[in-house]
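Hi,

Here is the structure I promised to pass on. Have a look at it first, and my notes follow below.

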Amino acid sequence: MVYALFTSLAQSSFSSFSDSPKLSSSKYQSHGLFLNVNAHKSFNAKFSPRQSTQLTRLRNVRRSPYICFFNGGGKPKGDLQETETGAQWQILKRWEVPWEWQTVSLTSLACGLSFVLTGLVETAAIPYLGLRVQDLSIDEKAEILFLDQTITTAAVLAVLYTVASTFQPLPQDVYRYDLKDPFSLQKGWLLWAGIGLAGAIVAIAVTGAAASLFRGESPEREKDALVSLLPLIGSSSVSTACLLGITGVLAPILEETVFRGFFMVSMTKWVPTPVAIGISAAIFALAHLTPGEFPQLFVLGSALGLSYAQTRNLLTPITIHALWNSGVILLLTFLQLQGYDIKELLQTT
């Protein structure tokens, strides 16, 4: 009886291989399975009707595991559905952040100190270079500002990438600057930069109108960074080029790498991505030290964060930021050349 049961089990296993039109004996010989189909068919003739019935049941029961085994390797249906859903909602995905909150805190402090100390060192170094700020021309002041922004950007980015180097290899979507596929529907950095910029313009216009309605009067802008740059706007081609380099290249690279590339990404380790976008946008707005413009800056920061979450490419928010700043400078330069009092315009808008 034991011999008959063993034989029936062997017959059912081997028959499931031999009956499949897609499986050849040579394939299984390469895996150490030497099948003799004719020899096993001879056993079948000796089975009683009851044993043949048992054999048929065993064949039906044992056939499906082999089919599953040789068709294995694919993802379960649930995983595929989850992947498809995640692809549709890219902005909800979190980053794989390799560092902890201590690193976030210390790195943020180091970036702030680098920003402050570079300004202090440059201010102290100017007299030793034999330069008198009050005697400098407009173009010379613009060049010094450009140099100052270059040194500050280099110092802060050096802090970020020095810290990041201790966590190598980084995930592919951390500090990613990728020029490939600019118009891809899902992650095209240039396409989503255009979408983000258009959305930011509309949202900021609505926010500004609502703020003016509730506030009743325009805030003073004497301490606004843009107001401090007004003497340089439209004064010469050199000063305009320096301003565009500062506001359209260096500042976007620095601010987006800090606020989106580091801070927002780090926050997704503990909070959902939309919450991290809001937190980074608030810090971004506060860092400009213009309380009267907080709503507009918060909206701009949110648009930058959403676009970055969609593409996982820092070129997207950098492009939006650069186009926004450059557009403002070029518009004010044009109005200045047309004879408008741009300081008065800024006070009334």
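Helices (H or I, at least four residues) and strands (E, at least two) are taken as DSSP runs and numbered from the N terminus. Please keep in mind that this is a predicted model, in which local features need pLDDT of at least 70 and side-chain atom pairs count only at pLDDT 80 or more, while totals for chains, interfaces and linings use all residues. Residues are numbered from 1 along each chain as its sequence is written, and side-chain values use heavy atoms, with hydrogens and water left out.

**The chain overall**

The chain has 14 helices and zero strands. Of its 349 residues, 36% are buried, where buried means under 20% relative accessible area, exposed means over 50%, and partly exposed is in between (1.4 Å probe, protein chains only). For contacts, the cut-off is heavy atoms within 4.5 Å. Among contacts between residues at least 6 apart in sequence, 76% join residues at least 24 apart.

Most residues other than glycine have a negative phi, and most peptide bonds are trans.

Tyr-175 is not a glycine, yet has a positive phi of about 50 degrees. Asp-181, also placed in the loop between H7 and H8, has a positive phi of about 50 degrees and is not a glycine either. Which of these is buried and which is exposed? Tyr-175 has 9% relative accessibility and so counts as buried, whereas Asp-181, at 55%, is exposed.

Two packed helices are described by the angle between their axes and the distance between the axes. Here the axes are lines fitted to C-alpha atoms, for helices over the stretch in contact, and angles run from 0 to 180 degrees between N-to-C directions. Angles under 35 degrees count as roughly parallel, over 145 as roughly antiparallel, 65 to 115 as roughly perpendicular and the rest as oblique. A crossing is right-handed if the near helix is turned clockwise from the far one by less than a right angle, and left-handed if anticlockwise.

- The axes of helix H8 (residues 189-215) and helix H13 (residues 315-337) come within 8 Å and cross at roughly 45 degrees, so H8 and H13 are oblique to each other. Their crossing is right-handed. Among the residues that meet are Trp-189, Trp-192 and Ile-204 in H8, and Leu-315, Leu-323 and Trp-324 in H13. By class, this contact has 11 nonpolar, three polar and no charged residues; Ala, Val, Leu, Ile, Met, Phe, Trp, Tyr, Cys and Pro count as nonpolar, Asp, Glu, Lys and Arg as charged, and the others, Gly among them, as polar.
- Helix H11 (residues 273-287) and H12 pack at about 140 degrees with axes 8 Å apart, which makes H11 oblique to H12. H11 passes H12 in a right-handed crossing. The contact of H11 with H12 has 13 nonpolar, five polar and no charged residues.
- For H10 and helix H12 (residues 294-311), the axes come within 11 Å and cross at roughly 65 degrees. The crossing of H10 and H12 is right-handed. Glu-256, Arg-260, Gly-261, Met-264 and Val-265 of H10 make the contact with Gly-301, Leu-304, Gly-305, Tyr-308 and Ala-309 of H12. This contact of H10 with H12 has five nonpolar, three polar and two charged residues.

**Two buried residues**

Thr-118 is found in helix H6 (residues 101-128) and is buried, with a relative accessible area of 13%. A polar atom of the Thr-118 side chain lies 2.8 Å from the backbone oxygen of Ser-114. The side chains of Thr-118 and Thr-152 are joined by a polar contact of 3.4 Å (a pair of N or O atoms within 3.5 Å; within protein, one must be able to donate a hydrogen and the other to accept it, and residues adjacent in sequence count only if both atoms are side-chain atoms). Leaving aside neighbours within four places in sequence, Thr-118 is in contact with Ile-151, Thr-152 and Ala-155.

Leu-230 is in the loop between helix H9 (225-228) and helix H10 (237-267), and is buried at 10% relative accessible area. Beyond neighbours within four places in sequence, Leu-230 is in contact with Ile-342, Lys-343 and Leu-346.

Best wishes
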